[in-house]
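Please look through the chain shown here before reading on.

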Amino acid sequence: MIEGDCVERMKALPEGCADLVFADPPYNMQLRGELRRPDQSKVDAVDDHWDQFSSFEAYDHFTREWLTAARRCLKDTGSLWVIGSYHNIFRVGAALQDLGFWILNDVVWRKSNPMPNFKGRRFTNAHETLIWATKNPEQKYTFNYEAMKALNDELQMRSDWTLPICAGHERLKNADGQKAHSTQKPEALLHRVIVSSTKPGDVILDPFFGSGTTGAVAKRLGRHFIGIEREKVYADVARARIAEIIPAGSEVLEVTKSKRAEPRIPFGWVVERGLLPVGTVLKGTRQHQTAKVRADGTLVCANASGSIHQMGAHVQGLDACNGWTFWQFETNGTWVPIDVLRQQLRSGLS
């Protein structure tokens with residue numbers, strides 16, 4: 001990690017050095033006076049000097065500066081995540097777009113255990129917003145869709161994430177037993193960001209490193225990181241924290257790959273390579289639909305012929321069908337999807 005001003009330090013880094021930027025900038029909370037609970041005890045709010053700006057104009061200037069420096073460090077194929085609250089995220093979002101970033105999603109982190117609203121004059125502030133963006137709309141970027149689906153019990157991962165705030169044993173404390181950092185983020189949040197948007201070995205840049213959550217999760221998941229932190233007390237906490245992290249073994253770091261990223265295998269390859277001889281009878285998932293394999297990789301049934309997808313749709317009276325998972329062939333007395341043959345060919349290409 002690097003100590004110092006994030007803008008100046010990023011300017012000194014090589015251009016295009018990062019696959020991902022994760023930024024948790026000052027929120028410019030604009031707190032007015034002390035916040036107390038009903039029993040008059042003081043709430044440990046975010047009133048640190050690094051979160052204070054003289055005006056919105058000063059904050060906007062700071063935001064444009066660090067985003068410009070981060071954009072330079074980001075690879076063309078990389079992406080940027082930035083998190084904020086209602087105090088700042090809309091201003092950050094506008095600056096992102098003004099600088100040419102392309103917003104992919106805004107993600108709502110819904111806190112399962114938010115701090116109550118003690119004064120009762122507003123709704124309980126129970127979420128923060130993350131913006132996910134790339135450098136331009138035409139550029140490819142990493143998104144591990146299938147991994148996110150697997151993480152969510154085989155359901156598409158939505159843009160609202162319910163996770164607890166950092167508390168308990170995860171909350172770092174200083175020698176006085178107080179919070180080591182007032183805005184420490186939960187590791188679960190960074191786990192989801194990093195798994196979704198990077199690959200093992202990628203470099204993650206965090207210009208507001210704080211207590212080192214990004215570095216801790218990156219190290220555990222086999223990613224490299226560059227952390228920049230201005231406050232020495234936080235830098236010391238981060239170094240000690242990360243030194244205790246044991247990386248996961250390489251055999252468990254790979255995540256479920258997107259099917260779109262796998263090599264395309266025509267059904268004709270299965271036929272011409274003898275994995276399914278011409279004339280093989282295939283059955284549909286309900287067993288009563290049948291078709292025969294033809295020499296050109298099409299199927300023929302009683303009254304029609306076409307691709308595995310066309311014939312799968314035809315025999316079911318549907319508009320579309322994934323023939324790879326619908327059609328089955330017999331092997332050793334068991335009917336299995338022809339997709340296993342596609343995977344067999346793909347493994348030979350890898």
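What percentage of the 350 residues of the chain count as buried? The share of the 350 residues that count as buried is 43%, where buried means under 20% relative accessible area, exposed means over 50%, and partly exposed lies in between, with a 1.4 Å probe and protein chains only. This is a predicted model, in which local features need pLDDT of at least 70 and side-chain atom pairs count only at pLDDT 80 or more, while totals for chains, interfaces and linings use all residues. Residues are numbered from 1 along each chain as its sequence is written, and side-chain values use heavy atoms, with hydrogens and water left out.

The secondary structure comes to eleven helices and 14 strands, taken as DSSP runs numbered from the N terminus, with helices being H or I over at least four residues and strands being E over at least two. The chain has a radius of gyration of 26 Å, well over the 20 Å that the globule rule gives for 350 residues, so it is more spread out than a compact globule; the radius is taken over C-alpha atoms, and the rule is 2.2 Å times the number of residues to the power 0.38. Along the principal axes, the C-alpha atoms fill a box of roughly 80 × 45 × 40 Å. Of the contacts (heavy atoms within 4.5 Å) with a separation of 6 or more, 66% are accounted for by residues 24 or more positions apart.

Helix α3, residues 89–98, has I89, V92, G93, A95 and L96 as its buried residues. These residues lie on the same side of α3, because they cover an arc of only 165° around the axis, the arc being that of the directions from the helix axis to the C-beta atoms. F90, Q97 and D98 are exposed on the other side of α3. The buried residues of α3 pack against α2 (56–73), β3 (74–84), β4 (102–111) and β5 (127–134), and just after the helix, G100 takes a positive phi of about 95°.

Charged pairs come next. The structure holds 15 salt bridges, each a side-chain nitrogen of Lys or Arg within 4 Å of a carboxyl oxygen of Asp or Glu. One of them joins the side chains of R91 and D60 at 2.7 Å, N to O, and this pair links distant parts of the chain, since R91 is in helix α3 and D60 in helix α2, 31 residues apart. R91 counts as partly exposed at 31% relative accessibility, whereas D60, with a relative accessible area of 17%, is buried. The side chains of R342 and D339 also meet in a salt bridge (2.7 Å, N to O); both residues lie in helix α11 (residues 339–349), three residues apart, about one turn of the helix, and both are buried. Salt bridges that share partners join E3, K232, D236 and R239 into one network.

Finally, strands β9 (residues 281–283) and β10 (residues 290–293) run antiparallel and are joined by three bridges; strands pair if DSSP finds at least two bridges between them. K283 stands opposite T290 in β10, and in the hairpin of β9 and β10, with six residues between the strands, Q287 takes a positive phi near 70°. β10 also pairs with β11 (residues 299–301) in the antiparallel sense over two bridges, and V293 has L299 in β11 as its bridge partner. Five residues lie between β10 and β11 in their hairpin, where G297 in the turn has a positive phi of about 85°.
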